[in-house]
Amino acid sequence: MPPTARAVDPLFLAYPLTALADAALDAARKLGASHADFRLERVRSASLRLRDARLAGSSDTVQLGFAVRVLLDGAWGFAAGVDLDPASAALVAEQAVAVARLSGGISRAAGAPPVELAEEPVHADATWISAYDINPFDVSAAEKTALLAEWSSRLLAADGVSHVQAQLLAVQENKFYADTSGTVTTQQRVRVHPHLDATSVDEKTGAFDSMRTIAPPVGRGWEYLLGTGWDWDAELAELPTLLAEKMKAPSVEAGRYDLVIDPSNLWLTIHESIGHATELDRALGYEAAYAGTSFATFDQLGKLKYGSELMHVTGDRTAEHGLSTVGFDDEGVAAQSWDLVKDGTLVGYQLDRAMAKLQGLGRSNGCAFADSPGHVPVQRMANVSLQPVAGGPSTEGLFEGVEKGLYIVGDRSWSIDMQRYNFQFTGQRAFAIKNGKLAGQVKDFAYQATTTDFWGSMSAVGGPETYVLGGAFNCGKAQPGQTAAVSHGCPSALFRGVNVLNTQQEAGN
């Protein structure tokens, strides 16, 4: 299939976007709002699920609606609607103003400071489209199913593979935004997440285990499944052998190990211990849903020794193919890149306009996002990434000098406390490292540390050739709960003397 020209979906552009926005913003102005914004979204989400190369389920859904948010006398008001006519848009704006009046009275009675917004340049009539070649929604369900079935059949044909589950998730997200300052933006984002999970069952003993592909979800289109950005043939050919080795692998011996962690695993550790911890609303205690606040409190900005001096972590809304990459956030702020941790020290946070103004941090770095037209924008995660070291070693080079270690590949389960400080992670597979060389797989492993001890133990960081952008579609936050897609790039890295548990022994205690 040839690439298709990237253009905003004409079905989305056919909606009366400007007329709806004008009606809503005019109504808000007349009722005294100092700021108002209008957001119309169409989010199409599709999934295909196969079990043992046979279709097990599919879905294709669309969310469509609009939201109006107003700032009146220092208080927020929000309302949403689904009837796409100017009269309904004006009515929703009136409802948002009524909510602001009510919430403002409550906030003032409680002594809360008035909400103010950091300044942002006006972005008039701006259009942004994410980087992809073939829109997955231009590919037939039959073609998608056939490819997943063919991949599944390859795995099922291998010795030792008993079952295979395959899934493809695809999203096309369209947003139109306008506010009373004059910013008007139209955006289209496309993302896909294909993955396969192979299970092996020992018929004699009943023992079983599984292994999943490590290809990350990406801000790409159907071309990703055709080999652009990932070598699917190589991964599918390797997976049965790795799974067979895992079935026979010995259980890890608990103790201290040097860990070489592959990007396919390290991205999740970044997400939980840095990504969420540097959301400013968590650090200030305004947000505590989905595993709590943050140990990286605001008074430690510029002081907290987060990790070793090799540690350089950025927040980025501009990374090509990133799941959190946008042209503009849901407050009309242009996408940016900035430092969160530099030379091992906490130097920044992820901000929306209100948090930036509240703490005197200047311009927002564009981290406001709502996952649907019925939800209010909240401060959400950028692509938070550990930067590679120019001229740094290869992954194999990191093995050198490791006498007793583990090489950990792929994410699996995780746990972290309410301050984003004490954590435990497992992986898809782990290989023993003995005297600088790989020495076969081990299983039943988990690594455990505090955030600062773990990042403080980082003694070497891989070069740019080891860098991979990992991520997930389903990062949760807020109440009512919202989900967001986010990527985390990182190279391979070496961590010294990390505590490793035997999960079977722990489960038996």
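Trainee: How much space lies in the second largest pocket?

Mentor: About 1,100 Å³. Keep in mind that this is a predicted model, where local features need pLDDT of at least 70 and side-chain atom pairs count only at pLDDT 80 or more, while totals for chains, interfaces and linings use all residues. Residues are numbered from 1 along each chain as its sequence is written, and side-chain values use heavy atoms, with hydrogens and water left out.

Trainee: What counts as a pocket or a cavity here?

Mentor: Both are found on a 1 Å grid over the protein atoms alone: a cavity is a set of points where a 1.4 Å probe fits but cannot get out, and a pocket is an open set with protein on both sides within 12 Å along at least five of seven lines. Lining residues have an atom within 4 Å of a point. Points are joined across faces, edges and corners, and the volume is the space filled by probe spheres set on them.

Trainee: Which residues lie nearest the centre of that second largest pocket?

Mentor: Trp-76, Val-115, Tyr-286, Ala-354 and Met-355, out of 39 lining residues. β3 (75-81), α3 (86-109), α8 (353-358) and β13 (378-379) each give two or more residues to the lining, and α3 gives the most, with five. Helices (H or I, at least four residues) and strands (E, at least two) are DSSP runs, numbered from the N terminus.

Trainee: And the cavities, how many of 30 Å³ or more are there?

Mentor: Three. The largest has about 90 Å³ of space, and among its 13 lining residues Glu-173, Gln-187, Arg-189, Val-326 and Phe-328 are the closest to its centre. β6 (184-201) supplies the largest share of that lining, three residues.

Trainee: Which strands does β6 pair with?

Mentor: β4 (residues 126-129) pairs with β6 in the parallel sense over four bridges, with Thr-127 partnered to Thr-186. β5 joins β6 through 16 antiparallel bridges, one of them between Leu-168 and Pro-194. β7 (residues 208-212) is antiparallel to β6 over five bridges. Two strands pair if DSSP finds at least two bridges between them.

Trainee: How many residues sit between β5 and β6 in their hairpin?

Mentor: Four, and Gly-182 in the turn has a positive phi of about 110 degrees. Ala-178 belongs to β5 and is buried at 4% relative accessible area.

Trainee: What is Ala-178 in contact with?

Mentor: Leaving aside neighbours within four places in sequence, its contacts are Ala-21, Leu-25, Ala-36, Asp-37, Phe-38, Thr-183 and Val-184. Contact means heavy atoms within 4.5 Å.

Trainee: Last one: what covers the buried residues of α4?

Mentor: The cover includes β1 (35-51), β2 (54-72), β5, β6 and α5 (232-248). Among the buried residues of α4 are Lys-144, Leu-148, Trp-151 and Leu-155. An α-helix has 3.6 residues a turn, so residues three or four places apart point the same way.

Note on methods: Buried means under 20% relative accessible area, exposed over 50%, partly exposed in between (1.4 Å probe, protein chains only).
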